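I am opening a new notebook page. I want to look up how the chains are built and how they meet.

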Amino acid sequence: MKGLLNWLFGAKRRSRTISFMIVIVSYIVLSLMIASGSLSRLMISLLVPVCAYIVAALGLNLNVGISGELNLGQAGFMSIGAFTAVILSGIFSANGMNPVLILLICIIAGAVMASVIGWLISVPVLKLQGDYLAIVTLAFGQIIMSLVNNLYVGFDANGLHFAFVTNTLELAEGGKMLISGPMGATGVSTASTFTAGFILVLCALFVVYNLIDSRSGRAIMAARDNRIAAESVGISVSRTKTLAFVISSCLAGAAGALYALNYSSFVATKFEFNDSILLLVYVVLGGLSNMSGTIISTALLVILPEMLRFLQFYRMLIYAVVLIVIMLVSNNEWLKVKAEQLKKKLTGKRKGVQQS
Amino acid sequence: MAFLSYLISGLGLGSVYAIIALGYSMVYGIAKMLNFAHGDIIMAGAFASFFAMTAAGMPLIAAAAIAMVLCTLLGVTIERLAYKPLRNASSLSVLITAIGVSYFLQNAAQLMFGSDTKIYPTVLNGSFSLFGGQLSVSYLSIVTILTCVVIMGALTLFINKTKTGKAMRACSEDKGAAVLMGINVNRIISITFAIGSGLAAVAAVLLCAAYPSVYPTLGSMPGIRAFTAAVFGGIGSIPGAFLGGLMLGVIETFAKAYISTQLSDAIVFAVLIIVLLIRPTGLLGKKVSVKV
Amino acid sequence: MTETKTPVLKVTDLGIDFGGLTAVNDLSMNVYENEICGLIGPNGAGKTTVFNMLTKVYQPSRGTIELCGKSTEKMSTIEVNRAGIARTFQNIRLFMNMSVLDNVKTGLHNDISYGTIESILRLPRFAKQEKEADAKAMELLKIFGLDEKADVIAGNLPYGEQRRLEIARALATDPKLLLLDEPAAGMNPQETDELMKTIRFVRDHFKIAILLIEHDMKLVMGICERITVLNFGMMLAQGTPAEIQSDPEVIKAYLGE
């Protein structure tokens, strides 16, 4: 038993145990609240999207925080996962398959599809550095959105049918459109549940932390801290950057699949540039390389605009001000010094108590 | 003939991109930040000139001047309040702040002016024919292209000949050394934001003259396009931004005309990626090397 | 005579140009097994450039580099390291946000063979090899007196310890030839004495050759068996410490006319 717990949570990193605890405790508390009916319908409807964004943000933090490369196209990989899931769920639900099984297959397929495309993209792209890499990830996000926005997929007794740019599909009797270009995915049979989202978040944490604490993780961080030194000890920088990018895409794909099967219909522009930016905001506000921070900031920032709904038109304005103020406060030199002093004072006192 | 006509309208669109990209690129070169709020300055310029013409009944030139003054003030104020305190912060923090500023401007505009689309007054109509009526060229395209060329020329002269321009180049090269040479870096950064924002106002008027609708998120797409153009040409390089903007406009117009309107976005970005793969720092960008 | 053995490092007529400027020219030198050699010269003589060519950070314009009789011409920085050259840097290049232990374990990158999937699933091979890596890394840290600080973030170490950690990291890659770029820079005399002992110990313990760049003449003359002097990218003299100290050309280059 102890061995199993160790395998899951790892004894070495405290931050890892904390992250797992936050997720598990939140799940238990929220489940109890749902059971007792004390959670509003709005909140309940946000649970799965929050889980999906957390998974995508954890992936992005691997890319931006651990690997140190700016990525402005994470939503594009969510999109790949989401629309892969829509197609597969369309096929399987027509065959009357168990929804849990459909969800599982869709998440895996979404993750695999996003990883493969992430890998194809990363091979040429990771030769670029810094802001040039960022703009290319942005470009890929836009391309993916634009392509999906022009994609028509239908399913009937004869199998899958694809069309591009103009809808030329003529489906047989009983067939249905799965993706209709700018109208997006329609008639999706929903399968995502809060429990599934919770498990996916745990899996994402498991993958991210296990990667960080390994040979590959060290290589990724070494390449981030000092490219030249990393090569001098025999680490292939491009390979490690690719690995981080692919795993990040993989998590985004899984997140996209979870998100997709939560709604009966959604459009491709649900995963546009602004969403990539929002994911980046979650990661930066939560703290680079800080997974617990990512989880908390994602949850708060997805829920915050909904909580501010009573402010109506002012809510996004306040949201923007909150963003700017957090950045200004967290980078204020004077406050940093004060915080450091306070920390010293507190830890100093604790030591004093122990001595006496 | 159709080819020529597409080329001219592409150059017209590209000129607007180029003017915006110049602002983007100058700010990047000197402040080393991606100013994602730059597109929303365009939006502010559009609204300013719109109200100057419709509510105050001003002529186009006066409205453009008002928009330029307002945008310049807005740009400098944003820099002072939001970016200056972050001079020593990580580039990601600055990026997020710029995104916050962008949201702020969009939502402030929505609160003040409503989210409905307003129709920009027709400012420059008509066209003239060439080759016995086979080719029709709109005056607007010509004015836009000429404006862009004049701006580009003036900016090049300013950067190379004036003392402030030289100080700007020094700052973009090495800020630390510039300070030691007695250059007031904060002043230079303010001037850069002022110029960039003023140019955004010019671009706003030209853009709205071509696509006469004004709404709060108007700046996002041209903003991203201009950013792409700046990177395309080599971010930080002024001739690069000019070239990148023109090429992007032409590629976009051709893609719409010859391939597909819906896919023009994907094509533009695909070309950008190909260019960067061949020239990793853009068409005219400098190669940077690390000293070991 | 040592001359009959295959040298660990054999450099022949090495040269490099940057644009029109020749930074290093006609450099030939050998380093033999178990030998500590010095590369000295005034500032800007091209010493670090030589290291950068040996590790393929720069591609030489002329000449050949052979490691244990094998040409490194077609190798990348990474392959050169795998073939057996490890180095430290003049301006310290540690992984500043990683722990001291992880810095050394990063040096063991190519010593560990489990894959990414194995590490994500924490399969048995992962645990076994991580344990071995920890032991090896701790052993190295002990040699450099850093074992007590294994969990400290490298960026928080004092300067002298950062220099020592860099050497430990380089040694973790199991090199045949170790290149040290100004290992004593910024150290006080006691620390330098300590460092001299450590360098000798490393040579004897790991049975490797060491080539070092250093301005501290006490260290150079104290531990180097042979010394090459560079001036303006050209080889000025080569020989034992005693020969170098009495060479009139070297004295002229260092002290001026």
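**Entry: the model.** I note that this is a predicted model.

**Entry: chain A, make-up.** I looked up the secondary structure of chain A and found 14 helices and 3 strands. I then took the span of the C-alpha trace along the principal axes, which is about 85 × 55 × 50 Å.

**Entry: chain A, inside.** What percentage of the 356 residues of chain A count as buried? I get 49%. I also checked contacts in chain A with a separation of 6 or more. Residues 24 or more positions apart account for 75% of them.

**Entry: chain B against chain A.** Here 37 residues of chain B are in contact with 31 residues of chain A. On the chain B side, α4 (91–113), α9 (220–233) and α11 (264–278) each supply at least two residues. Which element gives the largest share of that side? I find α4(B), with 13 residues. By class, I list 27 nonpolar, 9 polar and 1 charged residues on this side of chain B.

**Entry: chain C against chain A.** This contact takes 29 residues from chain C and 22 residues from chain A. In chain C, the elements that give two or more residues are α2 (77–83), α3 (100–107) and α4 (116–120). I list the classes on the chain C side as 11 nonpolar, 11 polar and 7 charged residues.

Notes. Residues numbered from 1 in each chain as written. Chains lettered and ligands numbered in written order. Predicted model: local features only at pLDDT ≥ 70, side-chain atom pairs only at ≥ 80, totals over all residues. Contact = placed C-beta atoms within 7 Å. Helix = DSSP H or I, 4+ residues; strand = E, 2+ residues; numbered from the N terminus. Nonpolar A, V, L, I, M, F, W, Y, C, P; charged D, E, K, R; others polar. Buried ≥ 20, exposed ≤ 12 C-beta atoms within 10 Å, placed from the backbone.
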